[in-house]
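This report describes one protein model, with attention to its pockets, cavities, cores and confidence. The sequence and structure are shown below.

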Amino acid sequence: MKILFVADPLESFNIKKDTTFVMMRQAQQRGHGVYACEVGQLSRTSGSQVSAHVQEIELAQQAQQGVSDARPNPWPQGQGPHAPWYRVTSHSKRQLTEFDAVVMRKDPPFDVEYFYATHLLGLAAREGAKVFNNPQALRDHPEKLSILDYPQFTPATLVTRSAHDIREFHRLHQDIILKPLDGMGGRGIYRVKEDGLNLGSLIETLNGDGAQTVMVQKFIPAIELGDKRILIIAGQAVPFALARIPQGGEVRGNLAAGGKGVARPLSARDWEIAQYLGPILWAKGLLLVGLDVIGEHLTEINVTSPTCFQEITDQTGCDVSELFLQALELAASDASRVEP
């Protein structure tokens, strides 16, 4: 297979934890051709098909073997890129239909350029390209708002631009979490306790005098045990979650916010949520999903670029990248997965 990864710049990868990196490594180990491009390299000319300026890459020997720190540069002088874990073996402009699978791995935020990229990828899918996750499904499942379809699993939640409604929600629930809809990595998440301290200023900051929509949720004390990331691949749950445990008085468990990642077997409630949502999300073309669960409650459904492969694999021996590539190979060979 030839697999194109649409991702952030390769030189920006932190391969000690990057999930796209281990996807690429697993793909190369399985004998597939690995290609990469950025969303800004997608284009379409009228009368033609969606194409991209792509790099074919080869992983360094250390990276192939799972050594996270691939320095010193293993490539001869002048042949390697700035990042030493890969080298570019060719540059070309190719139509996306030439690849057996196109994997959209651009990190959030889901901004207007990401939105445009999903439209180009959607056109490519209609031309016959196999794109994962499905571009239409990416647009239809904003990572925080999509939980509203499953109230049986979620904490008390409010989505609004109204400062008055936020204050009423706080009056009712006393201890709340506020977060922007376009945040990632725990950025912009705040807790307001019973005393309401700083609620007004936080509303002004996040709400922008009614210009920005905010999500507000009842605080879940079980966050002290971790914000669990449950990975769903082709509708099936990986049997281990990564509990991201807040550190140093933080309310946020996100690894990017300093949380400690501890892999754990799924609980009975985790299985209940995953087994209900998995087939629904896969039927919509979402090959890889990251469910965020705190205690008994679903708090987010991550579809753009779910992570935590390496942490779960390193701690449990369950090779998540192998599970993903097996599913990708099957999905890419399934003609019914072409977007109508």
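What volume does the second largest pocket have?

## Second largest pocket

The model discussed here is a predicted one. In it, the volume of the second largest pocket is about 260 Å³. Its lining is made up of 14 residues, and those nearest the centre of the pocket are F110, P142, E143, L181 and D182. By class, the lining of the second largest pocket comprises eight nonpolar, three polar and three charged residues.

## Cavities

Two cavities of 30 Å³ or more are present in the structure.

## Overall architecture

The protein has 340 residues, of which 51% are buried. Its secondary structure consists of nine helices and 17 strands. Of the contacts between residues at least 6 apart in sequence, 70% link residues at least 24 apart.

## Nonpolar cores

The largest nonpolar core contains 42 residues, and L4, L96, L291, L298 and I301 have the most contacts inside it. The greatest contribution to this core comes from helix α3, spanning residues 112-127, which supplies five residues. A separate core, apart from the largest one, comprises 40 residues, including L59, F309, A331 and A332.

The surroundings of L4 can be set out in detail. When neighbours within four places in sequence are left aside, L4 is in contact with Y35, A36, C37 and V54, as well as with L96, F99, A101, V102 and V103. One of these partners, L96, is itself listed with L4 among the residues with the most contacts inside the largest nonpolar core.

## Confidence of the model

The average pLDDT of the protein is 90, and 88% of the residues score at least 70. Over residues 67-73, however, the pLDDT is below 50, and this stretch has 14 contacts in the model beyond near neighbours in sequence. Residues 75-82 likewise have a pLDDT under 50, and the model gives them 13 contacts beyond four places in sequence.

How should such stretches be read? The contacts listed for residues 67-73 and for residues 75-82 belong to stretches with pLDDT below 50.

Notes:
Residues numbered from 1 in each chain as written. Predicted model: local features only at pLDDT ≥ 70, side-chain atom pairs only at ≥ 80, totals over all residues. Heavy atoms only, no water. 1 Å grid on protein atoms, 1.4 Å probe; cavity = no way out; pocket = protein on both sides within 12 Å on 5 of 7 lines; lining within 4 Å. Points joined across faces, edges and corners; volume = space filled by probe spheres on them. Core = buried A, V, L, I, M, F, W, Y, C linked by side-chain atoms within 4.5 Å. Buried < 20%, exposed > 50% of the residue type's maximum accessible area, 1.4 Å probe, protein only. Helix = DSSP H or I, 4+ residues; strand = E, 2+ residues; numbered from the N terminus. Contact = heavy atoms within 4.5 Å. pLDDT = per-residue confidence, 0-100. Nonpolar A, V, L, I, M, F, W, Y, C, P; charged D, E, K, R; others polar.
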